[in-house]
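Here's a quick walk through a predicted model.

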Amino acid sequence: MEIKEFKIKWGMVIDIDKCTGCGACMVGCQVENNIAPMTKKDPYNYVQALTTHRDDASNKLRTLTWMTVYELSNKKVFPDHEVAYLPRPCMQCGHPACVPVCPVVATDKNEEGGIVSQIYPRCIGCRYCMAACPYHARYFNWWDPLWPEGMDKGLSPNASVRPRGVVEKCSFCHSRYLDAKNKARAEGSDPMDLADGAYNTACAEICPTKAITFGDLNNPEHKVYELAKSKKSFRLLEKLGLDPQVYYMTEREWVRMQGDNYNGGDGAASNNHG
Amino acid sequence: MDSKLFPEGVQRCSLGQFALWMVPILGVLVWGLYGAVLVLYNGIGTTGLDNYFGFGAWITFDLAVIALGAGAFFTGFLKYILKIKQLEKIINLTVIVGFICYSGAMLVLTLDIGQPGRAWFGYWHPNVHSMLTEVIFCITCYCTVLIIEFVPLILEQKQLNKIPFIHALAHNMHVNMALFAGLGAFLSTFHQGSLGGMYGVLIGRPYAFREGFFIWPWTFFLFVLSAVGTGPVFTVLVATFMEKLTGKKLVDFKTKALMGKIAGSMLCVYMFFKILDTWAWAVGYLPTVGLTFDEMFYGIAYGKWMLWTELVVCGVVPAIMLVTPSIRNRPAMLYTAAILGCIGVCINRYVFTVQSLAHPVMPFDSWHVYYANWVEYATSLMIVAYGFLVLSLSYRYLPVFPLETKLNYQNK
Amino acid sequence: MSVARRAFIQMSVGASVGILFTPTVWTALDDVSIWTQNWPWIPTLKYGEVKGLPTVSKMCESGCAVKVRTVAGQAFGTEGNADNPLSGGGICPLCANGVQVMYSPTRIKAPRLNGAEISWDEARTIVAEKLAAAGSKVAVISGDQSGTINEVFSALLTNQGSDDFYAMPCEMQTADKAWAGLMGGSGQVGYDLEKADVVLLAGADALESWGPTVANMQAFAANDSGKFIFAGPMQTRTAAVTSKWVPVPSEGMAAFTLGICYYVMQAGRSVDAADFEQFKSMVVSNYTPAKVEATTGVPADTMADLARTLLTARNPVVVPAGSVAADAAAFALNLLLGGAMTVLPEFDKAIDTAMSRSEMLKKDILQGVSADLLLVYEANPVYALPEQVKAGFTVAFDSVETETTAAADLVLPTPHSYERFDDMVSPYGMPVATYTIGASVSKPALDVMNAGDFVLGLVDLGFETFEEVLDAKVSAIGANKRRLMSGTAHVAGGSADVGGVTLASSVLGKAAVPVKGTGAVALAPYTLLNVGTANQATTPNAPCTISNNQLIGDHMVVMMASATAKKLGVDVGTKVKLSGGNGECVALVQIFEGVLPGVVAAPLGMGHTVGDEFSKGKGDNVYKILTVSSEAATGTSTWAGSTVNIAKI
């Protein structure tokens with residue numbers, strides 16, 4: 001399948017050398033996108049109350065974390081050990097593994113900007129897209145979303161609440177894109193040529209070390225344009241050919257090496273741009 | 001008490017004995033239903049599935065029963081299209097087994113998808129690029145075909161068949177059965193392939209990804225071959241199991257051996273390509289994505305022993321056993337080979353479903369081991385119990401085995 | 001009856017097609033698809049105008065300058081405030097969840113006396129009586145490090161003739177004891193991380209939990225050419241992004257710093273301080289790199305390298321943490337280097353009778369609090385200092401349920417940060433004096449009262465409401481309230497006088513000797529903001545961000561290097577009991593090679609016994625196993641040098 005190209009290509013460049021793994025991006029993402037805090041008990045479901053509990057957030061295999069932070073280790077022992085943190089949103093692949101497999105077109109990459117969409121009311125919850133995504137960027141609603149009493153007052157207007165049984169994923173805070181375009185239209189400027197920063201994701205905005213830079217990868221006026229081309233930049237699992245729109249940056253060779261597999265006798269490519 | 005309902009000229013156990021036999025079956029069925037209620041009411045979180053294993057026991061079970069249920073379409077194809085007459089002695093059983101497997105798989109799929117109310121979206125919003133769309137189409141259509149194939153058998157029940165309309169209906173359906181068998185063979189070949197294609201197209205999962213021919217990855221063809229290589233002998237195993245259980249001869253050994261021969265030949269073809277495919281994957285494809293063969297395996301749960309078991313012990317060995325007449329013609333050997341072959345195809349479906357997902361593609365990620373929980377076991381066993389139930393009722397009341405009277409009563 | 005083949009097929013097809021022409025199938029399917037989108041228990045959203053209203057959030061230790069996002073007037077999220085130097089657009093993971101905490105069912109809904117709800121009037125009467133009865137035996141524990149609310153409480157104490165104002169143990173206090181207490185300095189030490197070209201973080205986990213974390217992170221991000229080095233017993237989150245991690249045991253931090261001073265003085269650097277020569281001879285005789293290497297295990301070469309790096313830097317700074325001695329040693333080193341350490345002048349007080357910041361930090365809470373009447377303001381001493389606090393009658397002011405509110409006699413609910421007027425006066429660590437004000441951006445839904453208003457209603461301090469106090473503060477500072485209310489900070493340049501500062505050589509010489517407890521392994525407690533702090537438990541959405549290196553299921557995870565694990569005979573997943581101080585903790589072992597051998601790293605902030613489901617019963621409380629020891633010579637208490645014994649269970 002060919003890589004889908006768009007005039008506008010929203011992307012991120014994440015500087016791993018600036019990420020401390022504090023988790024602010026993850027919290028910001030959950031608040032922006034109405035991801036319910038994980039609660040063990042469901043007081044409204046008597047069948048649940050009589051049987052097993054739901055999961056709480058320490059079961060990392062059941063969390064809904066569109067943005068999640070991985071801890072990377074250079075796997076050496078003390079004192080040569082090094083650690084790095086890698087935030088992982090949806091890669092919004094140019095050649096997504098998830099889109100062609102969906103049996104009901106509940107996910108698509110069709111809009112100018114190149115964001116991989118997810119249509120919750122259409123998703124049947126087969127989880128085939130989750131099986132397809134090597135980045136684990138897709139999440140399934142294992143349980144009904146539940147806000148402890150009173151907390152549903154603080155719901156964000158930016159993402160509808162998903163019922164259980166559907167798959168969801170990072171949308172690059174898509175409603176902010178719509179807002180930015182509307183604002184541009186109201187101001188009489190071109191919504192297809194937004195200024196750098198006019199549209200920004202919640203995680204990029206909240207990051208205290210500004211490790212995440214967001215913008216149009218095709219627009220030379222946006223910071224990401226140059227950053228993505230930097231010698232320090234790489235993408236995760238480039239060899240699979242999914243063409244992610246999220247780039248990472250680091251000075252550290254060992255971190256770059258963990259961005260892809262290099263054991264298959266194809267030579268240790270230290271520089272992916274070489 | 002219910003002897004009037006029995007097929008013509010056969011003996012069945014007393015109703016009390018039959019009821020006793022039904023107790024454990026219904027027990028398992030109720031247990032599974034309880035699991036199903038939990039899944040539908042509380043959510044799929046009730047199971048052992050998680051973000052890493054979106055597919056698990058259920059999908060493995062589905063794929064395995066669909067592969068084993070392939071006896072129906074393949075035998076139907078051979079009997080109705082290629083006109084291999086001898087197969088009519090077992091064709092009814094293959095239809096019932098196929099029906100059980102496919103309807104059971106569909107029941108499990110209803111539990112497995114998060115929004116069962118939207119299951120029909122596959123028709124309404126189909127994505128023609130998705131192998132799963134093809135699977136949804138073919139499985140639902142083929143299940144309908146199997147129902148159509150099963151219905152005349154029910155209509156031939158002794159008392160029902162006395163009603164002239166039903167008699168006529170059954171007759172008409174029989175007459176048209178070749179049409180359905182042909183349709184079934186087409187649909188079934190496609191979705192057996194699509195199920196394999198589902199995994200083969202996963203460009204993000206190096207364990208499963210395969211290149212292929214046109215839009216079909218090699219797994220497409222391999223899944224078809226492995227299904228037709230084991231489906232027929234699974235039917236033989238079911239028949240033999242029923243014989244042991246009832247103490248009667250239901251199918252003549254000649255037919256069984258023929259089924260074994262057919263399966264064996266297909267299994268040989270399958271193993272040839274499967275080994276070729278594994279080799280090409282290991283030395284051709286994996287290095288291009290920076291991976292080695294060794295990296296595809298982990299610990300005991302996802303160890304190489306499983307691959308070797310699948311390829312050799314449950315692959316090459318049964319294939320040879322089944323194509324060698326001297327081995328195949330000894331009942332114990334035939335059954336052993338059949339069991340091995342069926343295990344092999346189950347392992348194949350399991351590793352493609354679970355190990356594909358367990359392998360951490362991102363180098364900094366780690367292997368996770370998937371354990372199905374009781375809910376998944378219960379609901380899967382529910383389908384097995386459902387199979388026992390349908391088979392028991394069919395055996396008791398429907399003329400499933402045309403040779404039963406001849407083999408058991410006329411020789412005496 | 002016979003049916004012709006054709007008729008049969010026609011009938012079947014006809015029936016199938018016929019039913020599709022009736023609305024039954026289609027209506028049913030349509031209904032189903034509508035149903036599956038409209039389950040009654042799935043909440044719907046509120047739409048309207050979205051705004052970002054500036055205020056402050058006091059959930060993390062230093063506080064964050066934030067903007068609260070509202071939709072049609074209802075708060076839903078928190079974002080950074082790019083106009084304020086404390087935020088620069090970013091916020092910490094705790095404050096990012098502020099609105100959710102504000103709506104949380106764990107909020108205290110009304111005043112409560114021994115569990116029974118009472119009215120505010122009754123509460124005021126009770127506290128007035130208790131104040132009258134207690135006389136000068138009143139104490140205050142404040143969990144707020146930077147608010148003018150402390151002026152109100154300290155003025156109340158002055159009014160009562162008491163000086164028992166206690167801050168929860170914090171780095172600001174340690175620094176003040178070193179700077180003002182030992183070295184005779186005035187003002188507040190700050191660090192210009194943005195302008196420094198070399199930053200040695202000597203124990204300060206500055207990019208995760210120490211000081212004004214978000215401002216530090218902003219400075220780190222803006223300081224592209226600066227070299228950051230982290231020294232400490234474990235590879236903290238900070239060490240993940242610094243260019244180097246120097247493993248130094250926490251009890252050896254002061255000696256290590258003096259070891260660097262040794263090289264710096266060898267290079268000819270000096271300080272214009274009365275006791276410089278004394279200091280130099282103390283270091284030369286007792287803290288030669290060889291001696292420091294022998295007591296701390298840090299190679300002399302490492303110290304030499306660091307000294308060289310600092311000496312060649314144009315504007316270096318050393319940022320200490322941990323103990324008074326370590327802070328004093330670092331201040332001495334900063335004076336020798338003459339780099340980016342700053343000294344902030346203190347803003348004028350709003351209330352004349354209130355204490356100065358240094359006075360507020362004087363009392364040592366680790367040595368115990370005993371009073372007839374104890375007022376606790378947004379602090380959780382029952383959780384973090386379970387043994388130290390004793391009082392006849394405790395009044396707890398807080399917005400959420402904590403161990404302290406559960407144990408208090410009288411509980412007085414305060415509004416959440418976003419529902420009240422509050423301020424932040426020069427959080428410790430900032431390079432310049434700053435003042436930020438926070439207004440109420442969300443209407444309180446519960447029966448709450450600002451603690452300042454409550455106290456001002458009890459005693460006459462010259463103000464009717466807390467807002468008036470803030471107005472007085474604003475004018476005392478000479479700031480513009482209107483601009484402050486728009487979210488910007490008032491920044492004051494200038495530096496406090498550093499003349500007359502001594503190097504406290506006699507005290508430091510003794511205090512810098514590494515002293516370790518008697519346990520088998522050293523304990524390196526660490527703070528992650530998403531896990532929580534001494535006063536603030538983790539928040540509803542933050543548990544997803546807590547990794548399995550801190551918490552697995554309900555079990556705390558402690559980390560150690562493989563060498564340590566081997567010595568202890570434990571491995572990944574081993575369940576162990578850690579005993580130290582007067583308590584015990586249960587934890588699972590994780591191997592993390594970024595921990596100094598012989599040290600076990602344990603996360604602070606878990607193991608709550610009161611609170612919401614996100615924190616209660618999650619992990620164990622490491623404060624229980626910290627050992628309070630009296631730091632030789634400085635006369636202060638410290639948790640540094642805590643050790644534990646580890647047993648498999």
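## The sheet in chain A

Chain A has an open sheet built from four strands, ordered 8-1-10-9, with mixed pairing. At the edges you'll find strand 8 (212-216) and strand 9 (233-234) of chain A; each has a single partner strand, so one side of each is left without a neighbour in the sheet.

Now look at strand 1 (residues 10-15) and strand 10 (residues 246-249) of chain A: they run parallel and are joined by four bridges. As a reminder, strands of a sheet pair through backbone hydrogen bonds, either parallel or antiparallel.

## Chain A as a whole

Zooming out, chain A contains seven helices and ten strands. Its radius of gyration is 19 Å, close to the 19 Å that the globule rule gives for 274 residues, so chain A is as compact as a globular protein of that length. If you want a box for it, the C-alpha atoms of chain A fill roughly 60 × 60 × 40 Å along the principal axes.

## The sheet in chain C

Over in chain C there's an open sheet of seven strands, again with mixed pairing, in the order 5-4-16-15-14-6-7. Strand 5 (116-117) and strand 7 (164-167) of chain C are the edge strands, each pairing on one side only.

Inside that order, strand 14 (residues 369-377) and strand 15 (residues 389-398) of chain C pair in the parallel sense, over eight bridges. Which residue of strand 15 is the bridge partner of Ala371(C)? That's Ala391(C).

Helix 4 (residues 120-134) of chain C packs on this sheet. The strands of chain C that helix 4 touches are strand 4 (112-113), strand 6 (138-142), strand 14, strand 15 and strand 16 (410-413). The direction of helix 4 makes about 130 degrees with that of strand 16 of chain C.

## Empty space inside

Rolling a probe the size of a water molecule over the atoms shows where empty space is left. Here, the count comes to 13 cavities of 30 Å³ or more.

How about the second largest cavity: what is its volume? About 460 Å³. The lining of this second largest cavity takes in 37 residues, and the ones that lie nearest its centre are Met59(C), Asp398(C), Val400(C), Asn535(C) and Gln536(C). Split by class, that lining has 20 polar, nine charged and eight nonpolar residues.

Methods: Residues numbered from 1 in each chain as written. Chains lettered and ligands numbered in written order. Predicted model: local features only at pLDDT ≥ 70, side-chain atom pairs only at ≥ 80, totals over all residues. Heavy atoms only, no water. 1 Å grid on protein atoms, 1.4 Å probe; cavity = no way out; pocket = protein on both sides within 12 Å on 5 of 7 lines; lining within 4 Å. Points joined across faces, edges and corners; volume = space filled by probe spheres on them. Nonpolar A, V, L, I, M, F, W, Y, C, P; charged D, E, K, R; others polar. Pairing = 2+ DSSP bridges. Helix = DSSP H or I, 4+ residues; strand = E, 2+ residues; numbered from the N terminus. Contact = heavy atoms within 4.5 Å. Axes fitted to C-alpha atoms, helices over the stretch in contact; angles between N-to-C directions. Rg over C-alpha atoms; globule rule 2.2 N^0.38 Å.
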